[in-house]
Amino acid sequence: QVTLVESGGGLVQAGGSLRLSCAASGRSFSIYAMGWFRQAPGKEREFVAAITRIGAGTNYADSVKGRFTISRDNAKNTVYLQMNSLKPEDTAVYYCAALKRFSDPRSGDYWGQGTQVTVSS
């Protein structure tokens, strides 16, 4: 069992930065790949980024590549999403998820409650 709690969202101007955190409880955090997803109003939830169990590999959606960085600290049971050069189209609720398979964004086993990110133009 893993409980995930996101934080760090907020309102930021275009071009700004935010760092999201996802704190996990439970002793099984390090057995999961972790992912970030987002859902904008009226749109389906979409994949943003993923990281392998020990952080050796990462994967990004084309829309965020070069601007966002996913990382994790297994000692702190936390995964991060550093978001730079934010655009209004990045506005969404951001969710973290524990993935059974790094290569499969649909393999989310546990999900957080989400944190709102709003980018003003």
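Let's start with Ser-85, which sits in the loop between E8 and E9. Ser-85 is not a glycine, and yet it has a positive phi of about 50 degrees. At 41% relative accessibility, Ser-85 counts as partly exposed. Here is what those words stand for: buried is under 20% relative accessible area, exposed is over 50%, and partly exposed is in between, using a 1.4 Å probe and protein chains only.

A quick word on what we are looking at: this is a predicted model, where local features need pLDDT of at least 70 and side-chain atom pairs count only at pLDDT 80 or more, while totals for chains, interfaces and linings use all residues. Residues are numbered from 1 along each chain as its sequence is written, and side-chain values use heavy atoms, with hydrogens and water left out.

Which other residue has a positive phi although it is not a glycine? That is Asn-77, with a phi of about 55 degrees. You will find Asn-77 in the loop between E7 and E8, and its relative accessible area of 21% makes it partly exposed.

One more loop residue, please. Ser-28 lies between E3 and E4, and with a relative accessible area of 18% it is buried. Leaving out residues up to four places away in sequence, Ser-28 touches Gln-1 and Val-2; contact here means heavy atoms within 4.5 Å.

Now let's go inside. The largest nonpolar core has 37 residues. By a nonpolar core I mean a set of buried Ala, Val, Leu, Ile, Met, Phe, Trp, Tyr and Cys residues joined through side-chain atoms within 4.5 Å. The residues with the most contacts inside this core are Leu-4, Met-34, Trp-36, Leu-81, Met-83 and Tyr-94. Several strands give two or more residues to the core, among them E3 (18–25), E8 (78–83) and E11 (115–120). Which element gives the largest share? It is E9, with six residues.

Take Leu-4 as an example. Setting aside neighbours within four places in sequence, Leu-4 is in contact with residues including Met-34, Trp-111, Cys-22 and Cys-96.

Those two cysteines deserve a stop of their own. A disulfide is a covalent bond between the sulfur atoms of two cysteines. The rule used here asks for a pair of cysteine sulfur atoms within 2.5 Å, and by this rule the count comes to one disulfide. The bond joins Cys-22 to Cys-96, with 1.9 Å from S to S. The link of Cys-22 and Cys-96 is right-handed, with 50 degrees about the S-S bond. Cys-22 is in strand E3 and Cys-96 in strand E9, so the pair ties together parts that are 74 residues apart in sequence. Buried or exposed? Cys-22 is buried at 0% relative accessibility, and Cys-96 is buried with a relative accessible area of 0%.

Next, the rings. A pair of aromatic rings is described by the distance of the centres and the angle of the planes. Rings of Phe, Tyr and Trp (its six-membered ring) pair if their centres lie within 6.5 Å; planes under 30 degrees apart are stacked, over 60 edge-to-face, and the rest tilted. How many aromatic pairs does the structure hold? Three. In one of them, Phe-37 and Phe-47 have ring centres 5.8 Å apart and planes at 70 degrees, so the pair is edge-to-face. Phe-37 belongs to strand E4 (residues 33–39) and Phe-47 to strand E5 (residues 46–51), 10 residues apart. Both Phe-37 and Phe-47 are buried.

Phe-37 has another partner: the centres of the Phe-37 and Trp-111 rings are 4.8 Å apart, with planes at 55 degrees, so this pair is tilted. Trp-111 is in strand E10 (residues 108–111), so its pairing with Phe-37 in E4 ties together parts that are 74 residues apart in sequence. Trp-111 is partly exposed, with a relative accessible area of 29%. Ring pairs link Phe-37, Phe-47 and Trp-111 into a cluster.

Trp-111 also has a charge above it: Arg-45 lies over its face, 3.8 Å from the ring centre. For this, NZ of Lys or CZ of Arg must be within 6 Å of the ring centre and within 35 degrees of the ring normal. Arg-19 lies over the face of Tyr-80 at 4.0 Å from the ring centre.

Last stop: Phe-68, in strand E7 (residues 68–73). Phe-68 is buried, with a relative accessible area of 2%. Leaving aside neighbours within four places in sequence, its contacts include Leu-81, Met-83 and Tyr-94.

Key. Helices (H or I, at least four residues) and strands (E, at least two) are DSSP runs, numbered from the N terminus.
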